[in-house]
Amino acid sequence: HAQRVWIAAGPGNNGGDGLEAAVLLKRTGRDVRVTLCGDAARLPPDAGDALARAQAAGVAIGDTQASAFTRTLAPHDLAIDALLGLGASRTPQGPLAALIDELNALACPVLAVDLPSGLDAHTGQALGACVNAAHTLALLTLKPGLYTGHGRDLSGTVWFDDLGVDPGAAAPDAWLIGDAAARAAQAPRRHAQHKGSFGDVAVVGGAPGITGAALLAGRAALASGAGRVFVNLLDEEASLPSVLPTSQPTLDMLRPELMFRPAWWQGDPGVIASTTVVCGCGGGEAVRAALPRLLSLAPRLVLDADALNAVASDAALQAQLVARASRGHATVLTPHPLEAARLLGGTAREVQADRLRSAQSLAERFGCTVLLKGSGSIVAAPGQVPCINPTGNASLATAGTGDVLAGWLGGLWAQDGRPEHAFDITAAAAHTHGAAADAAGVAPLRAADLVEWMLSSDRAVLPAQA
């Protein structure tokens, strides 16, 4: 609908794309103005050619701020950010920074060419001043930075045109997780199957004062389809409103399917070896005692929250974790940035500065699959191209949503039963977790409600069942 368009064009080929757009828009009769930031004589050949054609077409082109024109732009008009492209690697300064500020102050939508100017294409971190775009048209390939870090906030709606280039021409830095991942992780059930066909999950956590975390994980494991779910509360004297008022909790009144097993982690080694274990949800310091045995026996182990903190502070536990892969055991770590920083011996700022690299480093160090949570969660594993999850939103920033994710992951994995599928199962869990939040449209989203949204979201992507 826009009849007036302002294009901020930079000194490289991204600016050339903006000039190309100016020519095409001018031909449609629109009022197009271009602010060219840079020396016209030093433009790359393609951009220089686009400039010559724009001038020949009668496009109004200036080399200073366009305040007089931009102040008249209404919400139904359009601005195009063609200042900086893929090669941006340092903080925009001077006229570039001023034009970014001007773009961000507009009343009309801003369309960024390839990626918002000032956004790191790989990490999704703002280099300083950065365009906050309503839409981004990615060209040739999708850039990882559009989907992780600050990229999801700054890119708006992402559009994509590969310009006819073979996507297999270069090795990817990452893959996006799609709906197919969730579908593949949970096949339709056959009539002859029974609860024993879908595996057992044991949740070990829930230290004094934080028993709800273990219950949330258990409820999520049930909702994902696990055959049986056991809960080993590390607060063995707990008495919860949702639990019968005895000194030993025996029943969750909201989910009576959960089976409480005090000291489960100290039980039969054969039982542990046949169970998918989710450990750490609300585990507090009490989880430290359970970890050596679980690291030794559990073939499929999800470590979350306090279990990660215990491993980060104990070299012996770290050695046990690393040794698991050589025995054919698989582990999934589900840290948020601060927990990842503790495991890596760094800071959360360093983790966030390059989320893909941080997740991959963590996976390689411990020989595990890693789900680095946050905006654009990363799934990484040794020797594999990492994945970025494009679903989810800030409504997940509430207590307990991570416990729900860990439990759901454990439930999916129990049904699959194969340690070697840890990467794919983790990607599927992350996608469903985020998709549920997108579908809910509620902010903030309470963790207990999230379980039900995940259940409906997951069933929505399953293929039709005969």
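Start your tour by selecting Ala286: with a relative accessibility of 33%, this residue counts as partly exposed, a label for values between buried (under 20% relative accessible area) and exposed (over 50%), using a 1.4 Å probe and protein chains only. Before you click further, know that this is a predicted model, where local features need pLDDT of at least 70 and side-chain atom pairs count only at pLDDT 80 or more, while totals for chains, interfaces and linings use all residues. Residues are numbered from 1 along each chain as its sequence is written, and side-chain values use heavy atoms, with hydrogens and water left out.

**Stop 1: around Ala286**

Ala286 sits in the loop between strand S12 (276–279) and helix H9 (287–297). Those labels come from DSSP runs, numbered from the N terminus: helices are H or I with at least four residues, and strands are E with at least two. Now show what touches Ala286. Setting aside neighbours within four places in sequence, Ala286 is in contact with Ala207 and Leu234; contact means heavy atoms within 4.5 Å. Ala286 and Ala310 are 24 residues apart in sequence, and their C-alpha atoms are 9.7 Å apart in space.

**Stop 2: zoom out**

Show the whole protein. You can count 17 helices and 17 strands. Taken along the principal axes, the C-alpha atoms fill a box of roughly 80 × 45 × 40 Å. How much of the protein is buried? Buried residues make up 52% of the 466 residues. As for contacts between residues at least 6 apart in sequence, 70% join residues at least 24 apart.

**Stop 3**

Two packed helices are described by the angle between their axes and the distance between the axes. The cut-offs are under 35 degrees for roughly parallel, over 145 for roughly antiparallel, 65 to 115 for roughly perpendicular, and oblique for the rest.

Show the side chains and look at who meets whom: Asn13, Gly16, Leu19, Glu20 and Val23 in H1 meet Asp46, Ala47, Ala50, Leu51, Arg53 and Ala54 in H2. Sorted by class, this contact has 6 nonpolar, 2 polar and 3 charged residues. Ala, Val, Leu, Ile, Met, Phe, Trp, Tyr, Cys and Pro count as nonpolar, Asp, Glu, Lys and Arg as charged, and the others, Gly among them, as polar.

**Stop 4: H12 and H14**

Hide that pair and select helix H12 (residues 337–344) with helix H14 (residues 355–366). Their axes are 10 Å apart, at an angle of about 50 degrees. How do these two lie relative to each other? H12 and H14 are oblique. On the H12 side, pick out Pro337, Ala340, Leu343 and Leu344; they meet Arg355, Ser358, Ser361, Leu362, Arg365 and Phe366 in H14. That contact has 6 nonpolar, 2 polar and 2 charged residues.

**Stop 5: H15 and H16**

Go on to helix H15 (residues 401–416) and H16, whose axes come within 9 Å and cross at roughly 135 degrees. H15 and H16 are therefore oblique too. Among the residues making this contact are Trp408 and Trp413 of H15 and Ile425 and His433 of H16. By class, the contact divides into 10 nonpolar, 4 polar and 1 charged.

**Stop 6**

Most residues other than glycine have a negative phi, and most peptide bonds are trans. Pro444 lies in the loop between helix H16 (422–440) and helix H17 (447–461).

Next, pick Asp114, in the loop between strand S5 (110–113) and strand S6 (135–139). Phi of Asp114 is positive, near 75 degrees, and this residue is buried, with a relative accessible area of 10%.

Finish at Ala305, in the loop between strand S13 (300–303) and helix H10 (306–312). Ala305 has a positive phi of about 50 degrees and is buried at 15% relative accessible area.

Key:
Axes fitted to C-alpha atoms, helices over the stretch in contact; angles between N-to-C directions.
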